[in-house]
Every structure is written in C-alpha cells, then in structure tokens.
Amino acid sequence: MRKRWTWPLVVVFGLALMGCHFDEPARADVPSFNLTDAFTLAGGQEGLSASEKLRLRFADVPEDSRCPTQVECFWTGQARIAIAVQSEGSGPTTIEFNTNPAPGQTVKVADVGQYAIELQSLDPYPQTPDDPISLEDYRVTLVVRKR
C-alpha cells in the first residue's frame, strides 16, 4: 500500500531541483541582466544573467557613514557594499565596493574570473543620522562586462 504523502513529496523535490538550473528564465523576483547594461538590485536581492550563467546578490552594507544630506560634515564619509558573485560550477565569491572619494580608497570596479563588475550608484543617500537605512531599502546599480 502506497502512502499518500509520497506524490506531493516527489513534486516538491522535483520543483526544488528545477530551481537549481541556470538556463531557466529569471523569475519576477530575480531580475535578469545582460552584459554591458546597467541593472539595479535591492538589498538582499539576486540578479541572473542566464546567457552567462552568472548570479549576483546584493549581500550586505557593512558600512554607510556617508554624510547625511541634512547635516554639515567635515568628511563626506563612505559606503561599503558586498556583492556575492557566482558563476556556474563555482562557489560564490564576495566582492566589496567602497564609495570613499579619498585617493586610493574608492573601489568601483572589481574583477571576478572573466568579468569586471562596476558599481554605478548606491541609493538612497542618508538624510539624517537618526534614520538608519535597512538593507532591503538600499538599491545598487551595477554593470557587468567581460574582460
């Protein structure tokens, strides 16, 4: 006698396996991107280039000390963001960008394998020091190119 839970378990397992393929079109919550085109990710969101079999995830904002627009600062501050990059057949690599305008401190391009990933912008800009921005509220705009 077969157990009734076997069929739903097989369906769930099959759907989980289908989610592991790079050749599927991006879901609505996973934006797709093309090389050389700017694309935007929300904090915690993942983007997919199916043609390149490449995934990028906006993983973290370890620091955002940029001077809020409603405050006078003696230093402009900086934001550091972490992006997890994974190509088919390899584990994720985390790269970090830094918006610090001081000479030698700005990191707006990072190389991962055959790709150069460029930070275009990070939004929103802090308004006041008392209103922290949650990861989900950040938006990063990136461009990926082959080297």
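Me: Leaving aside its neighbours within four places in sequence, which residues is Asn98 in contact with?
Reply: Happy to start there, and please keep in mind that this is a predicted model. Contact here means heavy atoms within 4.5 Å. With neighbours within four places in sequence set aside, the residues in contact with Asn98 are Gln78, Ala79, Arg80, Gln105, Thr106, Val107 and Lys108.

Me: Is Asn98 buried or exposed?
Reply: A residue counts as buried when its relative accessible area is under 20%. For Asn98 the relative accessible area is 10%. Because 10% falls under that cut-off, Asn98 is buried.

Me: Which side chain does the side chain of Asn98 make a polar contact with?
Reply: A polar contact needs a pair of N or O atoms within 3.5 Å. The side chain of Asn98 has such a contact at 3.3 Å. Its partner is the side chain of Gln78.

Me: Which backbone nitrogen does the side chain of Asn98 reach?
Reply: Here the side chain of Asn98 meets a backbone atom. The distance is 2.7 Å, and the nitrogen belongs to Asn100.

Me: What percentage of the residues of the protein chain count as buried?
Reply: Now for the whole chain. Asn98 is one of the buried residues. The protein chain has 147 residues, and the share that count as buried is 31%.

Definitions and conventions
Residues numbered from 1 in each chain as written. Predicted model: local features only at pLDDT ≥ 70, side-chain atom pairs only at ≥ 80, totals over all residues. Heavy atoms only, no water. Buried < 20%, exposed > 50% of the residue type's maximum accessible area, 1.4 Å probe, protein only. Polar contact = N/O pair within 3.5 Å; in protein donor to acceptor, adjacent residues only side chain to side chain.
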